[in-house]
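Subject: Structure for you to look at

Hi there,

Here is the structure I promised to send over. Please open it next to your notes, and then read on for what turned up.

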Amino acid sequence: MKASDHVEDIGLSVRATNALYAANVVTVAQLISLSVADLRRIKGLGRKSAAEIAEVLAGGGWYLDNTRALDRIDTILGSLGKQHALCVLAEARGRVLERE
């Protein structure tokens, strides 16, 4: 799945696709700029549709609201102090490598 792909081509339900198009969300790039809360504010998208969208995106290696999530991580790690933050990152990296 590429950022330039249209939402109609990524395997979403007709309901989810139509609601996204009505909200002028046409591409994966536009979709991943949204948070789950943003999705739920779109008319016709509820909790189940938001979960469906998140699942389809994750299957293609994309996640909702990447930028804001990374900013939150930076803020949290910044408040820990350098040494502690490095320990947290090393532990998280180990967990990710174990899954691969």
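Below is a short tour, from the whole chain down to single residues.

A word on the basis first. This is a predicted model, in which local features need pLDDT of at least 70 and side-chain atom pairs count only at pLDDT 80 or more, while totals for chains, interfaces and linings use all residues. Residues are numbered from 1 along each chain as its sequence is written, and side-chain values use heavy atoms, with hydrogens and water left out.

**The whole chain**

The protein chain has six helices and zero strands, giving the pattern α-α-α-α-α-α along the sequence. Helices here are DSSP runs (H or I, at least four residues), strands are E runs of at least two, and both are numbered from the N terminus. Of the chain's 100 residues, 27% count as buried; buried means under 20% relative accessible area, exposed over 50%, and partly exposed in between (1.4 Å probe, protein chains only). The accessible surface comes to about 6,900 Å², and 55% of that belongs to carbon and sulfur atoms (areas by the Shrake-Rupley method with a 1.4 Å probe; for residues, only the protein chains shown count as cover). Among contacts (heavy atoms within 4.5 Å) between residues at least 6 apart in sequence, 51% join residues at least 24 apart.

**The core**

The largest nonpolar core has 19 residues, and Leu20, Leu31, Leu39 and Ile53 have the most contacts inside it. By nonpolar core I mean a set of buried Ala, Val, Leu, Ile, Met, Phe, Trp, Tyr and Cys residues joined through side-chain atoms within 4.5 Å. Helix 1 (14-22), helix 2 and helix 4 (47-59) each supply at least two of its residues, and the largest share, four residues, comes from helix 4. In soluble globular proteins, nonpolar side chains tend to be buried together.

Val28 lies in helix 2 (residues 28-32) and is buried, with a relative accessible area of 0%.

Which residues of helix 1 are buried? They are Ala16, Thr17, Ala19 and Leu20. These residues sit on the same side of helix 1 because they cover an arc of only 165° around the axis (the arc is that of the directions from the helix axis to the C-beta atoms). They pack against helix 2, helix 3 (36-40) and helix 4. Val14, Arg15 and Ala22 are exposed on the face turned away from that buried side.

Helix 4 has 13 residues and reaches 18 Å from its first C-alpha to its last, close to the 18 Å expected at 1.5 Å a residue (the expected span is 1.5 Å times one less than the number of residues). Its buried residues are Ser49, Ala50, Ile53, Val56 and Leu57. Their arc around the axis is only 130°, so they lie on the same side of helix 4. They pack against helix 1, helix 2 and helix 3, while the face turned away carries the exposed residues Arg47, Lys48, Glu55 and Gly59.

Ser49 is buried at a relative accessible area of 10%. Residues up to four places away in sequence aside, Ser49 touches Arg15 and Gly44.

Asn24, in the loop between helix 1 and helix 2, has a positive phi of about 65° although it is not a glycine. Asn24 is exposed, with a relative accessible area of 59%. Just after helix 4, Gly61 also takes a positive phi, of about 85°.

How many salt bridges does the structure hold? There is one, taking a salt bridge as a side-chain nitrogen of Lys or Arg within 4 Å of a carboxyl oxygen of Asp or Glu. The side chains of Asp38 and Arg41 form it, at 2.6 Å from N to O. Asp38 is buried at 17% relative accessible area, whereas Arg41 counts as exposed at 61%.

Happy browsing, and best wishes
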